[in-house]
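Biologist: I would like to learn how to read a protein model. Could you walk me through this one?

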Amino acid sequence: MFRTLDEKLNGFLFVIILPILLFVMSYYGFESSYTRFKTSERPPDFLFSSVYSYRIIPNYLSIHITDFMEYMIDHHLSSIKDLLSKNGTPFYHGLFLTNGFFLILCSLLLDIILRYKVIDLLININIRRMIHLLLIFFIVITQYTPSNCDTIALCCYLIGVLLTLKYFHSGKMIFFYTLILLIALSTLVRETACLNIAFFASVFFSVKEFKQRNYNFILKIIPLIIAFLLPYLSLRVILDREQTSFVEGFYIGKNFSSPFNLAGLLFAVIVLYFMYRLCNRAKNQVIFRKYLFFSLPYLGMITLVGLFWEVRLFLPLIITGALVACHDFKNFITKP
């Protein structure tokens, strides 16, 4: 009994308390000149008048959370109002609260995935926690460029990874249908939803079966693509084009001329290579290579309209590499 309680306490401290403490350090212990979020009283106008305006869910969540924080500070937290004012605005505190909540969900999802049909090495709880801690550190350190959508999008992505693995091992269509709905919903959060399609494709696509003209994979991938494109294109038709933009700008020149962006690219390449080397099984290496291949459209968009210095853009790929390295893909039950 005492052993069970001790394990639950250790799990709670490691999976929930430690990540949120690291997040507090990131948001309130380190200063960044990269963003002005900390001095914004309300959600900045550019969130609703640029490419960010397509991220419907996090934008409106920011409005409501900011209103909530203003109410709480004025009516229930007046005793520490000065302390809160010195360390940020209601919008910034609301941003921390939102991202902190979804960070906990991400940590819980990582714990679940790292327990689900993993390689023999991860049966050792200490090794599993080391991998978990490494991924949490990657999430936290990339928050030097905080946003109102990345942590939410990462949470949706990890749910999609879990659904794909569940469908891979069980063959139950409920996981596949739920994945379709998730992709449609998470497209309203951020374009990262397309990476769930890339992960599904990397797990189920077989070159051998494709050469044998077995095209069942295509029938499975089409609903996922539609689930992404339908809300993605609909938003660009519905929203006022005079107040929004398809992209924030084209930064391909800056990406290969700025030392900061080159450093970000080098960081991403080294970490992705490290994750690939973690895959000590041929099957896992093949799946990770396929994942990077199917992620090329996303990587292409980062190169054209993103900044390599914002390494948070590479975060889903980095985390996926670790999860692929840790998972046992031998238990193949269902074929698409």
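Biologist: How many helices and strands are there in the protein?

Modeller: Helices (H or I, at least four residues) and strands (E, at least two) are DSSP runs, numbered from the N terminus. Here the protein has 15 helices and 0 strands. This is a predicted model, where local features need pLDDT of at least 70, side-chain atom pairs count only at pLDDT 80 or more, and totals for chains, interfaces and linings use all residues. Residues are numbered from 1 along each chain as its sequence is written, and side-chain values use heavy atoms, with hydrogens and water left out.

Biologist: What share of the residues is buried?

Modeller: Buried means under 20% relative accessible area, exposed over 50%, and partly exposed in between (1.4 Å probe, protein chains only). Of the 336 residues in the protein, 51% are buried.

Biologist: And how many aromatic pairs does a search of the whole structure find?

Modeller: Rings of Phe, Tyr and Trp (its six-membered ring) pair if their centres lie within 6.5 Å; planes under 30 degrees apart count as stacked, over 60 as edge-to-face and the rest as tilted. The whole structure holds 21 aromatic pairs. One of them joins Phe256 and Phe308 edge-to-face, 5.6 Å centre to centre with 85° between the planes. These two are 52 residues apart: Phe256 sits in the loop between α11 (252-255) and α12 (259-278), and Phe308 in the loop between α14 (296-305) and α15 (315-326).

Biologist: Is Phe308 buried or exposed?

Modeller: Phe308 counts as buried because its relative accessibility is 3%. Phe256, at 48%, counts as partly exposed.
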